[in-house]
Amino acid sequence: MSLSLLLGVFYRYVLNASLTWTDEVALLAFSWTIFLFASVLVRGFAHVRVTLVLGMLPATLRFMLERLNLLLVAAFGALMLWAGWNFAGFTAQQVSPALRYPLWLQGSAIPVSGALILFHAIVLLLSPREHLAKEAQA
């Protein structure tokens, strides 16, 4: 992604000629990177959450709130899977302007990430209590 953008800037400002495909390659790589990294954060229980109040609660209540949090994350993953699948279907017949790759390839990052987020959230929900407490402290 970075190399594609740097190459486009080099051609545009140093050689005074622009490449039409560099922005599309960067956008495709950026989409997949962001959405896949979101699922990695869920797997590592590292998604953003406010733990100031959570740390002051008793262990049982903290555990229940973390489980509720995971349920909401799983619901969000399922929503991403459903909406992303519909969006990929909507763009199935469209192609990118410069490279002419099918746009569903870019849009499919959303349902793939949603499925991975849902999977990782379910795995964390089914994990033992000690594992979840250890992950929450890390």
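1. Basis. The model is predicted: local features need pLDDT of at least 70, side-chain atom pairs count only at pLDDT 80 or more, and totals for chains, interfaces and linings use all residues. Residues are numbered from 1 along each chain as its sequence is written, and side-chain values use heavy atoms, with hydrogens and water left out.

2. Helix H1. Helices here are DSSP runs (H or I, at least four residues), numbered from the N terminus. H1 covers residues 2–14, 13 residues in total, and spans 17 Å from its first C-alpha to its last. This is close to the 18 Å expected at 1.5 Å a residue, the expected span being 1.5 Å times one less than the number of residues. Just after H1, Asn16 adopts a positive phi of about 55 degrees.

3. Ala121. This residue belongs to helix H5 (residues 109–126). Ala121 is buried, at a relative accessible area of 0%; buried means under 20%, exposed over 50%, and partly exposed in between (1.4 Å probe, protein chains only). Apart from neighbours within four places in sequence, Ala121 contacts Val42, Leu70, Val73 and Ala74, where contact means heavy atoms within 4.5 Å. Ala121 and Leu70 are 51 residues apart along the chain, yet their C-alpha atoms are separated by 5.7 Å.

4. Gln106. Located in helix H4 (residues 104–107), Gln106 counts as buried because its relative accessible area is 19%. Its side chain makes a polar contact with that of Tyr101 at 3.2 Å. Such a contact is a pair of N or O atoms within 3.5 Å; within protein, one must be able to donate a hydrogen and the other to accept it, and residues adjacent in sequence count only if both atoms are side-chain atoms. With neighbours within four places in sequence set aside, the residues in contact with Gln106 include Leu27, Leu28, Ser31 and Trp32.

5. Positive phi in loops. Most residues other than glycine have a negative phi. Phe45 has a phi near 55 degrees and lies in the loop between helix H2 (22–43) and H3; Phe45 is buried, at 2% relative accessibility. Arg100 has a phi near 65 degrees and sits in the loop between H3 and H4. Arg100, in contrast, is exposed, at 55% relative accessibility.

6. Leu99. This residue is placed in the loop between helix H3 (59–90) and H4. Leu99 counts as partly exposed because its relative accessibility is 39%.

Note on methods. Helix = DSSP H or I, 4+ residues; strand = E, 2+ residues; numbered from the N terminus.
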